[in-house]
Every structure is written in structure tokens, then in C-alpha cells.
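This briefing goes through one protein model by topic. Keep the structure in view while reading the points.

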Amino acid sequence: MTGPLRELQFLAKDRAALLWLGIAVLVAGLSVLLGLREVAAQRTALSELSAIDRAEREVLTGLYQDWGDVAYYTFHLTYDSPSDFAFAALGQRSTSPWKHHIRALALEGQIYETDAENPDFALIGRFDFAFAASMLAPLLLILLLHDLRSRERAAGRYELLGATAASRGSPWFARAVLLVAALTLCLIVPLWAGGLLTGTGAAKLALASLVVALHIGFWWGVCAIIDRFGWSSPVNLTALVGAWLALAVVVPAAIESSVEAAVPVPDGGEIMLTQREAVNDAWDLPKSATMEPFVERHPEWADYTEVGQAFEWKWYYAFQQVGDQIAEPLSRAYREGRISRDRLAGTLAWLAPPALSTRALQALAGTSLADSLAYEQRVRDFHAALRHYYYPRLFRGEVVSDGSLGQRPEFHVAAD
């Protein structure tokens with residue numbers, strides 16, 4: 001059997017293999033560096049926004065003597081802090097809102113607002129470690145293994161190496177193990193370096209490393225199957241690149257298209273439009289058209305719904321909530337549809353290992369759709385707490401006081 005030392009010496013002389021391994025280190029290191037940079041930028045932005053939010057709140061304190069004004073002009077920063085492993089897989093943080101400025105007005109028009117992104121950039125996603133490990137690493141492995149046997153056949157050494165080996169497949173297996181292990185280390189070492197910098201737990205890094213190793217192992221199996229056919233190196237490379245295109249590009253695209261067709265969901269813009277139309281229409285409708293559906297949801301305020309003037313704050317906030325109530329079926333269908341799509345996509349991802357690997361890394365990083373929806377629910381719960389806080393003061397006509405302002409709810413960030 002070919003000894004490990006001999007294989008290491010062989011690898012040290014293989015310039016092509018060293019080139020691909022060097023590229024793997026470069027790609028993994030760059031992806032980790034860019035991920036760390038993006039997370040640092042997000043943390044800096046949140047720190048600055050938090051300071052601005054506190055300063056604005058202090059300025060507004062004591063400025064207004066009417067609870068309607070206080071509720072209208074006071075914004076509350078809500079956000080989802082990046083986890084210590086978010087640098088490796090940015091996931092939904094690249095496409096979904098992770099910060100909001102919330103007021104006690106209609107929620108649906110606020111919760112689906114997001115910062116403008118370049119649509120082309122959003123389409124291709126960010127270059128993070130999950131992308132490098134799931135999409136690019138298989139290509140590097142293909143370049144390392146596609147000519148493992150065929151190169152020796154072309155050089156006329158195949159039969160000699162096979163005859164002198166302890167078993168027919170031993171030299172190729174040992175060489176493949178070395179190359180696979182080297183590529184895996186080239187990916188994992190930069191990942192651990194980034195994780196140690198951010199304080200990521202060893203258990204999480206170990207799980208991420210296992211995901212990477214299993215993914216590389218799958219593609220090793222694909223390379224081994226193609227290698228068994230005894231084709232030439234160009235044919236092997238063509239077949240393997242075709243397999244990569246199918247599993248990394250074509251199948252995920254087909255899964256996305258199939259999931260969208262199987263589980264239709266309303267558009268977020270449609271929800272915002274429905275809510276805003278309901279709020280705008282309320283200005284021209286009788287006050288009872290607002291207060292009756294409001295009381296159905298909040299019967300405890302039935303004795304305070306009389307509106308004797310052309311404008312009263314309690315009526316204004318009542319029709320803000322009624323706007324949400326009208327859009328609620330669409331909003332619920334949108335949320336449930338996204339959950340159903342994600343579950344179906346997760347099941348079908350077993351047909352596309354790169355997609356499955358990406359989803360696993362995003363789950364570890366706390367950047368999956370489930371994590372994004374959990375943040376959205378925290379925003380909804382906070383907004384409900386704001387309404388619960390303001391309604392008694394609005395409907396009873398209480399006087400604004402520092403003591404009461406000190407009882408205003410605060411948004412709490414989820415623990416990492």
C-alpha cells in the first residue's frame with residue numbers, strides 16, 4: 001500500500017493540486033473576511049441607530065402633552081442582532097428586513113418596509129462562507145480528483161502502479177483521501193479562525209465543520225463513481241461539471257420554481273397596499289365604520305368609543321388598527337405560505353446537496369427563514385405591547401407624565 005509519506009511527497013510535487021488547494025484557502029479566507037466585515041458593519045449600524053433612538057426619545061420626552069402626539073412622533077428601534085456565527089452564512093440577512101423603526105400606527109405598512117437593495121445583488125446573494133463551501137468547493141474537488149486515475153492511464157503508469165500496490169484501488173484511495181482531507185482543511189481552518197475571532201462556540205464550529213465535511217464527502221462519492229467508468233480526463237471533467245451544474249444550479253432552480261407554484265402566497269406589496277387603502281378610506285367614512293370593528297377586537301373600550309369632534313386621537317389610532325385587521329387575512333396567508341414554502345424547500349433540498357448544505361449552515365448561523373420570521377413575530381409582539389400601553393391613555397384621556405412615560409415598553413433583542 002502506498003504510504004502516507006509517499007503520498008505527501010507526491011502531493012508536494014503536484015503543482016496543479018497545490019494551485020487548487022491554494023485557491024481553496026484564498027476563497028474560504030476571503031469569504032470569511034467579507035462575512036466578518038459585513039457583520040461588523042451591521043453591528044456598527046445598530047450601535048449608531050440605538051444611540052440615535054435613545055437621543056430622539058430623550059428629546060421627545062416632555063415635548064408633547066397629548067398621548068396622541070407622543071404615540072405619533074415616537075419611533076422605536078427594533079432589530080435582530082447578528083449571531084456570532086452569522087459571518088459564515090448571511091442568509092436572510094441579505095434579503096429580509098432585520099431592523100425597523102416602529103410606531104404605534106398600523107403595523108403592516110411598517111413591517112414589510114425594507115432598505116432598498118440592488119435587485120441583481122439580491123438575486124446572486126452575498127459571497128459568504130456558505131456560498132464558498134456549498135457552491136465553489138465542489139468545483140475545486142472536481143478539479144483535484146477528475147484525473148486521479150485517467151492521468152496515470154494517459155501516462156502509461158496505471159498498470160504498473162496497480163500491479164505494485166497491495167490492492168488494486170489502494171494507491172488511488174490513499175491519494176484521494178489526502179486530497180479530500182487537504183481541501184476540507186483549507187475550508188475549515190479559515191472558518192475556525194473567523195469563529196474564534198467572533199467568539200463562536202466550539203460546538204457550533206464543529207457542527208459547521210461536519211456539514212462541510214459531509215458535503216465534500218458527497219462530491220467525493222460522485223467523483224469516485226465517474227472515475228469507475230474509465231473515461232479520459234476531459235470526459236471525466238465534463239461529466240463532473242455537468243453533475244455540478246445539475247445539482248448546484250438546475251435542481252435548486254427547479255425546486256424554487258416548483259415550490260412557488262405549489263404554494264402560492266400573497267405579495268408583501270399587496271398587504272401594504274390593502275392596509276394603506278383601508279387607513280386612507282377611513283378619513284371619508286362615518287366614525288362608526290371604524291369604531292364598530294375596533295370594538296369587536298377590543299370590547300373593553302366599548303364605553304369610550306364616542307367621537308364628538310371631527311378629529312380625535314382615539315379614532316385615529318382605532319382606524320390604524322382596523323387597517324391592520326382588514327389586511328390581517330393577507331398577512332397571515334403570507335406568513336403561513338412562507339413557512340410552508342420553506343418546509344417544502346427543506347424537504348426537496350435533499351435532492352440538491354449544495355442547497356441542503358447552505359440551509360444547514362444558515363440554521364447554525366441563525367439566518368434562516370425561520371429565524372427571520374421569529375424576529376418578525378417579536379416585532380409584532382412589541383407592537384401589540386405598544387398598543388396595549390397607549391390605548392388606556394388615549395381612550396381615557398389621561399395626562400402625559402414622566403412616570404407613565406417610564407412605563408413604556410422596550411423592545412428586547414433575542415438572546416444569541
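**Helix H13 and its surroundings**

The buried residues of helix H13 pack against helix H12 (268–282), H14 and H16. The model is a predicted one. The points below start with this helix, then turn to the whole protein, its cores and its salt bridges.

- Thr290, Met291, Phe294 and Val295 are the buried residues of H13.
- These residues lie on the same side of H13, because they cover an arc of only 120 degrees around the axis.
- Glu292 and Glu296 are exposed on the other side of H13.

**The protein as a whole**

- The protein contains 17 helices and two strands.
- Of its 416 residues, 46% are buried.
- The accessible surface of the protein is about 20600 Å², and carbon and sulfur atoms account for 61% of it.
- Among contacts in the protein with a separation of 6 or more, 81% are between residues 24 or more positions apart.

**Nonpolar cores**

- The largest nonpolar core is made up of 50 residues.
- Within this core, the residues with the most contacts are Phe85, Phe87, Phe129, Leu145, Leu183, Leu191 and Ile216.
- Two or more residues of this core come from each of helix H2 (15–60), helix H6 (129–145), helix H9 (170–198), helix H10 (202–227), helix H11 (233–262) and helix H15 (353–365).
- A second, separate core has 40 residues, including Ile102, Val295, Val322 and Leu394.
- Val295 is also one of the buried residues of H13.
- Phe87, one of the residues with the most contacts inside the largest core, touches several parts of the chain. Leaving aside neighbours within four places in sequence, Phe87 is in contact with Val32, Gly35, Leu36, Val39, Asp128, Leu191, Gly194, Gly195, Thr198 and Thr200.

**Salt bridges between separate parts of the chain**

- The count of salt bridges is 14.
- One of them joins Arg378 to Asp80, with 3.2 Å between the closest N and O atoms.
- This pair links distant parts of the chain, 298 residues apart: Arg378 is in helix H16 (residues 369–395), and Asp80 is in the loop between strand E1 (76–79) and strand E2 (99–102).
- Arg378 has a relative accessible area of 22%, so this residue counts as partly exposed.
- Asp80 has a relative accessible area of 15%, so this residue counts as buried. The cut-off for buried is under 20%.
- Glu328 and Arg297 form another salt bridge through their side chains, at 3.0 Å from N to O.
- This pair ties together parts that are 31 residues apart in sequence, because Glu328 lies in helix H14 (residues 313–348) and Arg297 in helix H13 (residues 287–297).

- Glu376 and Arg380 are separated by about one helical turn, because they are four residues apart in helix H16.
- Glu376 is buried, at a relative accessible area of 8%.
- Arg380 is counted as buried too, with a relative accessibility of 16%.
- Glu376 and Arg380 belong to a network of salt bridges that also links Glu108, Arg335 and Arg338.

How values were computed: Residues are numbered from 1 along each chain as its sequence is written. This is a predicted model: local features need pLDDT of at least 70, side-chain atom pairs count only at pLDDT 80 or more; totals for chains, interfaces and linings use all residues. Side-chain values use heavy atoms; hydrogens and water are left out. A nonpolar core is a set of buried Ala, Val, Leu, Ile, Met, Phe, Trp, Tyr and Cys residues joined through side-chain atoms within 4.5 Å. Buried means under 20% relative accessible area, exposed over 50%, partly exposed in between (1.4 Å probe, protein chains only). Contact means heavy atoms within 4.5 Å. Accessible areas come from the Shrake-Rupley method with a 1.4 Å probe; for residues, only the protein chains shown count as cover. A salt bridge is a side-chain nitrogen of Lys or Arg within 4 Å of a carboxyl oxygen of Asp or Glu. The arc is that of the directions from the helix axis to the C-beta atoms.
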